Amino acid sequence: MEIEMQANAKVNLALDVLAEREDGYHELDGVMQEIGLHDTLTLETGRGGFVLFCDHPHLKLNEHNLIYRAWEALRDRVEDDAVIIELEKHIPLSAGLGGGSADAAATLLGLNELWNLELSDEELMDIAATIDSDTAFFIRGGTQRAQGRGTDLTKLPSFYGKPLLLINTGETISSRYVYARVQPNGALGVSELIDAMPYSNMKAYTLMQNHLESVAFDSVPHLLKIKQELLDSGALAALMSGSGPTMFGLYEDVEEAEAAEQRFRGRYPFVYLTQTV
């Protein structure tokens, strides 16, 4: 039996850091949004444990990979845990787009089907929360408010079909570095954004902010330049996703987004036009 799974990336339409937690994480509040950029996973029954192949030369395929950790979280529920997983990678690594977490969630969903486990979304989300802070979001995807350490999720009205341009410079920023230096404040008004989003008006776009930009822009100053360039190209909102370094812009229509894509293409290693899903 073979199953193909699509693992969509995410952006953060808002990300606020409220406080440090005793468990070493931070108390967060924000809005996570699934987007069309995706990896593809093929899962099939194998012989003799876990086998993972990937077309990306720099992705580590050892026990620290989140796909392995997802398999490990479910393997005790079956008599034969052997599986072969092939990963076709399109989401940039360490980009703030949740690629590893999306792959882990797709693995949980795929194994649930492959092994006939009949676990509910709620059960899978509980398991996903033990893997990392973002994996639980990808079990249902869409538009969700993420609180706590990012695993307390509330489904929100769909923000589907908004043209979105991603720009990644190819650099990396350590999430640990960014979170260690951010000053918690809880001042972004996430609830106000959530109230405005169903109307898709300018008020909603002006409320989209990422608190982690304050640290990331100090570390990589030209990210601020990209943010301004996205706004100058007609983006209704432009911000960093997660702890970076990917920047993204949201546009009113596809034509504007396509014009912006042409403006940026060739200037940065990764320029990708997609939409919210």
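Which elements do the buried residues of α9 pack against? The legends below take that up, along with several other spots. Everything here comes from a predicted model, where local features need pLDDT of at least 70, side-chain atom pairs count only at pLDDT 80 or more, and totals for chains, interfaces and linings use all residues. Residues are numbered from 1 along each chain as its sequence is written, and side-chain values use heavy atoms, with hydrogens and water left out.

**View 1. Helix α9 and the elements it packs against.** Helix α9 covers residues 222-232; helices here are DSSP runs of H or I with at least four residues, strands are E runs of at least two, and both are numbered from the N terminus. As a rule, an α-helix has 3.6 residues a turn, so residues three or four places apart point the same way. And the partners? The buried residues of α9 pack against β7 (163-168), α8 (213-219), β8 (237-240), β9 (247-250) and α10 (254-264), where contact means heavy atoms within 4.5 Å. Just after α9 comes G234, with a positive phi of about 110 degrees.

View 2. After α10 you meet G266, whose phi is positive, near 90 degrees.

**View 3. T274 in strand β10.** Strand β10 spans residues 270-275, and T274 is part of it. Is T274 buried or exposed? It counts as buried because its relative accessibility is 12%. Its side chain reaches the backbone nitrogen of G36 at 3.3 Å. Leaving out residues up to four places away in sequence, T274 touches I35, G36, L37, K162, P163, L164 and L166.

**View 4. K89 and its two aspartates.** You'll find K89 in the loop between β4 (83-88) and α2 (99-114). With a relative accessibility of 10%, K89 counts as buried. Its side chain makes a polar contact with the side chain of D39 at 2.6 Å. Such a contact is a pair of N or O atoms within 3.5 Å; within protein, one must be able to donate a hydrogen and the other to accept it, and residues adjacent in sequence count only if both atoms are side-chain atoms. Another polar contact, of 2.9 Å, joins the side chains of K89 and D103. Beyond four places in sequence, the residues that K89 touches include C54, D55, H56, G99 and G100.

View 5. S94 is in the loop between β4 and α2, and its phi is near 50 degrees, a positive value in a residue other than glycine. S94 counts as exposed, at 53% relative accessibility. E118, in the loop between α2 and α3 (121-128), has a positive phi as well, near 60 degrees. At 73% relative accessibility, E118 counts as exposed. In the loop between β8 and β9 is P245, and the peptide bond from G244 to P245 is cis, with omega near 5 degrees.

**View 6. The lining of the largest pocket.** A total of 48 residues line this pocket, and S101, D132, D134, S175 and S243 lie nearest its centre. The elements giving two or more residues to the lining are β1, β2 (26-45), α1 (66-74), α2 and α5 (175-181). β2 supplies the largest share, six residues.

Key
Buried < 20%, exposed > 50% of the residue type's maximum accessible area, 1.4 Å probe, protein only. 1 Å grid on protein atoms, 1.4 Å probe; cavity = no way out; pocket = protein on both sides within 12 Å on 5 of 7 lines; lining within 4 Å.
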